[in-house]
Structures are given as structure tokens and as C-alpha cells.
Amino acid sequence: MEDPLSSLNTASHHFDNGQIKDAYYLFLNTAQNAIQPFFDVKFVHCSIVSKPQKYDTLLCILRTCLDEIEKIVENHSISTNKAPPPLPPKPSTSSKPVLPPKPTRPLPVAPAIKQDSEVALPRVPNGEIDPSHLVPAQTNNNDTLTPSANSKNIPHIPAPPLLTTHRVLQTKLDSLESLLNDYRTQKRLVQQGTDNGQMTESELNDAIARYTPCVAEAKHTLNKIRTVYMTAATIPSILHFQPGIIAYQITRIESAIFSVIPAQALLTHSPKNPHPRIIASTDFFNFITRLIEHSILLPQEASSRAQHIHHWIKIATKCQDLNNYQTLKAIVSALGTPPVQRLKRTWAYIPKKSMVKLEALNELMSESNNYGKYREHMGIASTSVLNGKSVTKIQSDHCKRPTVPFLGTFIHDMTYLLAAVQQQQGTSSDALQKDARVQKLLKTLSLFQSCPPYDKKPNAMYAKALQKNPIRPAFTQAIHRSKSSFGRLGGAIGFGGNNESEAWGCAKQQCRKSICKFTDKQQYKFVHENECKWTQHNNKCFPKHA
């Protein structure tokens, strides 16, 4: 059976090329193939115990086929009420003077698309993130490109460029279809002789012939966008993307949100009166943390969860290379939440090298001493010299590259500064504006916002850094080797592996690329029998055998 998605694309291609009959039967065949797996659904009482794979994609394909079939039936059926074609004129015996041809009128141009205030789209370059256009984060994998109406308690994040392009094209398509239907209606009235409009039948035919390809092209483009969307929705995990690509794309979103935050927003932002630009940043921060927790906790196997944690540690490292400390803090916060930290078997699978990196990142973004390590690293401190280096020099070094600082330190500092100033000098706005500490903090925020922007694609320096540690299957293979050798709980807690040769073989495999202190099987046996304790080797605990 042919893949329904490729069959749908072929049918759409036939329809766009004017092969209506072939497209109609191919849409029918695709709908039958898409609905066939639903006949294999099994019930136990009133509960489904087996459902088709990728059922949401199949339902989306089925709806698309039914919509296209409905359009073909409506637009390509012969109407019984259609007026008969006009009779040709009778030949005349008398010669009449030949009249000069009427001056040709220019074809009407499609009117500009009128948009209401609710659906007005900001004009941003193609592929750029618009931080002012926020939509509720998608929480399901349905087939619609429209944000959910029930958006209560859902963070609002910048709309993806794909959805923005879809909205623009859908609006243009609706306008073109409306205009094309008006021309067809006017042509039908002219043929019936009930319309004395300014346009003749030939001019209407030219207008219809002009706009029909535009409508077909817009439909074809929308089908491509929907195909890309459905393909992305069926990707099961974030492991399909390289850590550098994920880090760079999230960094571009964070940079777009941070760059439009006005410095004066820190003066008015409060829990009772939140500023929308700051709320956009905090919402995206919370969205990233929940996304990380969900991706880790969704798999059932400890080895699969370990792969996700290992992947996010790599992404956090790339974010540090990109000077994106906002996302870096979100990742280390998500990995430090109780639901993730309690996964003891999962953390036992993480390589020691990755754990060392995570500990360094946790130390950098630690809240101890009021983010002391992070402030020293960024040059955000009340002193003028840090570790023998000027604070101004540290900040200028960061500002030579695109940088997204952690916004939480600015909000935290401004909250305490406003409380101190109001207690000392009152609540007047002039006192807040003239305070030197407040002005210094606002100036620091503006300085980081003036950093160079990130490019659409990584430049040569970033591309080299992002590809420095490509995805390797060695970690995944090591996890499955360890799992098969030591049982479900792995070698971390000493279950499984009931014979000595099996444990020695796994130890030899784990130490193939490192300096192993076990030179042979007898020495491994000697260590386990005489020391009578677990041996920690290459971040794996090999248990003593009875």
C-alpha cells in the first residue's frame, strides 16, 4: 500500500496541473488507505487497547482528502440551471458600416487585502521572529495550524515564521477566491443577459484566466506548508536534531524577545502590573523548562531518558558558546527540578564527562551569593574591578558578540533598588530617575541590547563551534550494551549479570577508549574476590560476584 502522505502530495500535484479526474480518484484512493488502519482498532469493553500508528496524521490526511473531493464536486459539476449558450446572429444581406473596435480596458487589479485589527499581521522579513506577535504555545499534535482558543494558563510565545506565512497566504487565498467567484458570477449573469456591467464576457474570461493560476499556486503553497507542519508534528523526540541547531534557533528567539524590552519597563514591572515585554520573556523561559521536563519524563525506559538528559546538556553547552545565558539558566533549572533529579537509575547512565560539564554550568548559574559566579563572568557587579580585570572591559568583551543575558538578575536588582530608593527618597518618579544605581542598571541593560544581532544562519565562527561535537551513536550503543549486560537497572546498582565472564566483557568494552586498570581477566577476578567491594570504573559500578 502506498504511503498516504506521498499519495496526497501526488493528488494535489494532479489537481494543480488541471488533471481533475485523476486527482479525484487519487483523493478517493488516499482516503480509503488512510481510513483502513482504523478498522483494525481493538476494544476491550469500552476501551481501545490498540490504536493505529500515527493516527493523528492519518486523520489529517483523511480530512484534507474529503475537503478536496468536496471542492471538486462543487466546482466541476455541470449545473442544470445553467442558461443555454446564445444563438449565433443571423446573417445579414445588407452591408453595414464597420464600427471601430472599442478601446480595451485594463484588467482590474486585485484589491488590497483588508485586514481587521484582530488579524492584522506585522510586516517582518521572511523567516524572522516577531516578538510582538505572541500566540499560545501548542500543547497537542493535532492537524490544525490555528492556535487553540482555550489558552488559559498556557504560556504565550512568539509565533513561528511558518504559522505567520500560513496566515498571510490563507488571507490572500481567501481574497483571491472571493474575487474569482465574483468574476464567475458576473460572467454567468452576462451570459443570461441580466447584467449590463462595464466588463464584457471576453474581459471576464481574461480576468478568470488570470486569477485561476494564482489561486492554484496559493493552494499548492499552503499544501506544502501543511505537509512540513505534519512532518514536524510526527517527529517523536528532540534527539532527531543536532544540539547546535537547537541551541542556535532557541537563541534567535530569546534574542528577539530580549532586544525589544524597553529599559524603562524594569521601573514599572511588578506582579500586580506586569509589563507585557517582560512577561513574554518569562513565559518563554517557563515554556522551555516545561518542554525539557516533558521530553525527559515522557520515555518509560531509563536509558531513553538518559539520552534526552545527555542531549540537553550538550544544548546547554552550545548555549554558553553562543552567549545565551537566558536559555542556559532555563536548561539547568529544568534538569535540577525534583521530577528529574529523582531519576536515580537514569542519572547513573550519564557519562562522567557530561556530568562534569553540567556541574560547571550549575556552578556558573548558581543562585548562591546572589548569582556571584555569573555576575563575575558577565561583569555585572557593584565594584569596578573583578579578579584584576575592569568590569567595563568584561562587559565590552561580551558586547562585541551577540549576547542574551539572564533577565532574572536585572528584575531582581531593580526590585530591591526600587524598594531601597522609595524607602529613602519617596515614591516620586524623579527620585527613581535620578538615582545613580538605577541609572547604572538601566544603562547595563541597554548596553547588552546594543550587541550585534544573531544571523539567520550561523556564521563561520558559530558553525564551526556548533559542529565541534557532532552526534555520535557511541553513547546510545553503550547504554544498550550496559542494559543488556546488567539488566534493566544497569550496572549502577549491581543487579543482573549472573556470570563473571559477562561482567568482564562489559568492563573491557566500556574501557576500550580509556586507560583501564584491569589488564586481564585474572586481575579483574582478583580485585573482586580480594577487595570485596564494588569497583568504580569509567563511571560504571561493576558488582562483586558470589
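Is His310 buried or exposed? At 11% relative accessibility, His310 counts as buried. Keep in mind that this is a predicted model. Besides that histidine, here's a quick look at the cysteines and the aromatic rings.

**His310**
- You'll find His310 in helix α9, which covers residues 302-321.
- Ile350 sits 40 residues from His310 in sequence, yet their C-alpha atoms are 6.5 Å apart in space.

**Cysteines**
- Don't look for disulfides here: the structure holds zero.
- The closest cysteine sulfur to that of Cys60 belongs to Cys65, and at 9.4 Å it is too far for a bond, because a disulfide needs the two sulfurs within 2.5 Å.
- Both residues are tucked away: Cys60 is buried at 1% relative accessibility, and Cys65 is buried at 0%.

**Aromatic rings**
- There are nine aromatic pairs in the structure.
- One of them joins Tyr325 and Tyr374 edge-to-face, with 5.7 Å between centres and 65 degrees between planes.
- Tyr325 belongs to helix α10 (residues 325-335) and Tyr374 to helix α14 (residues 372-378), so this pair ties together parts 49 residues apart in sequence.
- Tyr325 is buried at 1% relative accessibility, and Tyr374 is buried at 0%.
- Tyr374 also pairs with Phe406: the ring centres are 6.5 Å apart and the planes at 80 degrees, so that pair is edge-to-face too.
- Phe406 lies in the loop between α15 (391-399) and α16 (407-425), 32 residues from Tyr374, and is buried with a relative accessible area of 8%.
- Put together, ring pairs link Phe285, Tyr325, Tyr371, Tyr374 and Phe406 into a cluster.

Note on methods:
Residues numbered from 1 in each chain as written. Predicted model: local features only at pLDDT ≥ 70, side-chain atom pairs only at ≥ 80, totals over all residues. Heavy atoms only, no water. Buried < 20%, exposed > 50% of the residue type's maximum accessible area, 1.4 Å probe, protein only. Helix = DSSP H or I, 4+ residues; strand = E, 2+ residues; numbered from the N terminus. Phe/Tyr/Trp six-rings, centres within 6.5 Å; stacked < 30°, edge-to-face > 60°.
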